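Subject: Structure for you to look at

Hello,

Here is the structure I said I would pass on. Please open it first and keep it beside you while you read the notes below.

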Amino acid sequence: MVIINSTVEMDWLVFDLGGVLFDFDGVAGVTELTGMSLDEAHEALVNSRAVHALETGGISAEIFGRQFAEEFGISISSAEMVALWASWEAGPKPGAIELLASLRDQHSIACLTNNNAIHWERLSTHYGVRGLFRRCYLSHEMGLMKPDPEIFERVIEDLGTRAATITYFDDRQDIVDAALACGLNAHQVSGPGDIRNVLGLN
């Protein structure tokens, strides 16, 4: 166990992926396809029934493509929609891989992400993401999505430590608030620079 800033004990560093370590171009993509504002597109994605079903492992990629296109009024085929969705996984933020490599030598690190089989395949194949972490908690494998408190409770139980010794990073404040309510030491961040600031590495 290590201590950051002489006050916070840490057993694990746990990271969201999209918006924290990796870029996701879905908001801009939906805006381009539908004419929604960026804020409207973000809200629509957060509340999308098709996205929720995909990211909890409830539907196949083919069904998702059809349902997503219908939900957002996009006149393309299911296969075209799936290809677009896959392309919106835009790769690591600058410095993200290097940060994880440096942290892995001294800390136990894991990811907890609302994700889906389409993007996870791309993340695994192109960037070897699973190998970057000691443990990976994926919504589409767990059947749960953040900010559901149960997903945090399962992670705490699986890691076998006290919630207060898990330092968690996410880009969405509502998810950070849910993690804090479950006892985690949670922080809202938008990239590797923010993470370094929280950890006192800058």
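How far apart in helix H4 are Phe68 and Phe72? They are four residues apart in that helix, which covers residues 61-72, so about one helical turn separates them. Please keep in mind that this is a predicted model.

Aromatic rings

A pair of aromatic rings is described by two things, the distance of the centres and the angle of the planes. For Phe68 and Phe72 the ring centres are 4.3 Å apart and the planes are at 20 degrees. Planes under 30 degrees apart count as stacked, so this pair is stacked. Phe68 has a relative accessibility of 0% and therefore counts as buried. Phe72 is buried as well, with a relative accessible area of 9%. Both residues belong to one aromatic cluster, formed by Phe24, Phe64, Phe68, Phe72, Trp85 and Trp88. Over the whole structure, the search finds ten aromatic pairs.

Ile118

Ile118 is found in helix H7, residues 117-127. The relative accessible area of Ile118 is 13%, so this residue is buried. Which residues does Ile118 contact, if its neighbours within four places in sequence are left aside? They are Leu54, Ala61, Phe64, Val82, Trp85 and Ala86. Of these, Phe64 and Trp85 are also members of the aromatic cluster. Ser87 is 31 residues away from Ile118 along the chain, and the C-alpha atoms of the two are separated by 9.7 Å.

Cysteines

How many disulfides does a search of the whole structure find? It finds zero. Cys111 is in no disulfide, and the nearest cysteine sulfur to it, that of Cys136, is 3.5 Å away. Cys136 is likewise in no disulfide, with the sulfur of Cys111 as its nearest cysteine sulfur. Cys111 is buried, with a relative accessible area of 0%. Cys136 is buried too, with a value of 15%.

The largest pocket

Rolling a probe the size of a water molecule over the atoms shows where empty space is left. The largest pocket holds about 660 Å³ of space. Its lining consists of 31 residues, and those nearest its centre are Gly18, Phe24, Glu55, Asn114 and Arg172. Strand E4 (22-24), helix H2 (38-46), helix H3 (49-55) and H7 are the elements that give two or more residues to the lining. Sorted by class, the lining has twelve nonpolar, ten polar and nine charged residues. Phe24, listed above in the aromatic cluster, is one of the residues nearest the pocket centre.

Where is Arg172 found? It is in the loop between strand E8 (166-170) and helix H10 (173-181). Is Arg172 buried or exposed? The relative accessibility of Arg172 is 19%, and buried means under 20%, so Arg172 counts as buried. Leaving aside neighbours within four places in sequence, Arg172 is in contact with Val46, Asn114, Pro147 and Gln188. Among these contacts, Asn114 is another residue listed nearest the pocket centre. Pro147 is found in the loop between helix H8 (139-142) and helix H9 (149-159). Most peptide bonds are trans. The bond that joins Lys146 and Pro147 is cis, with omega at about 10 degrees.

Regards

Key. Residues numbered from 1 in each chain as written. Predicted model: local features only at pLDDT ≥ 70, side-chain atom pairs only at ≥ 80, totals over all residues. Heavy atoms only, no water. Phe/Tyr/Trp six-rings, centres within 6.5 Å; stacked < 30°, edge-to-face > 60°. Buried < 20%, exposed > 50% of the residue type's maximum accessible area, 1.4 Å probe, protein only. Disulfide = S-S within 2.5 Å. Contact = heavy atoms within 4.5 Å. 1 Å grid on protein atoms, 1.4 Å probe; cavity = no way out; pocket = protein on both sides within 12 Å on 5 of 7 lines; lining within 4 Å. Points joined across faces, edges and corners; volume = space filled by probe spheres on them. Nonpolar A, V, L, I, M, F, W, Y, C, P; charged D, E, K, R; others polar.
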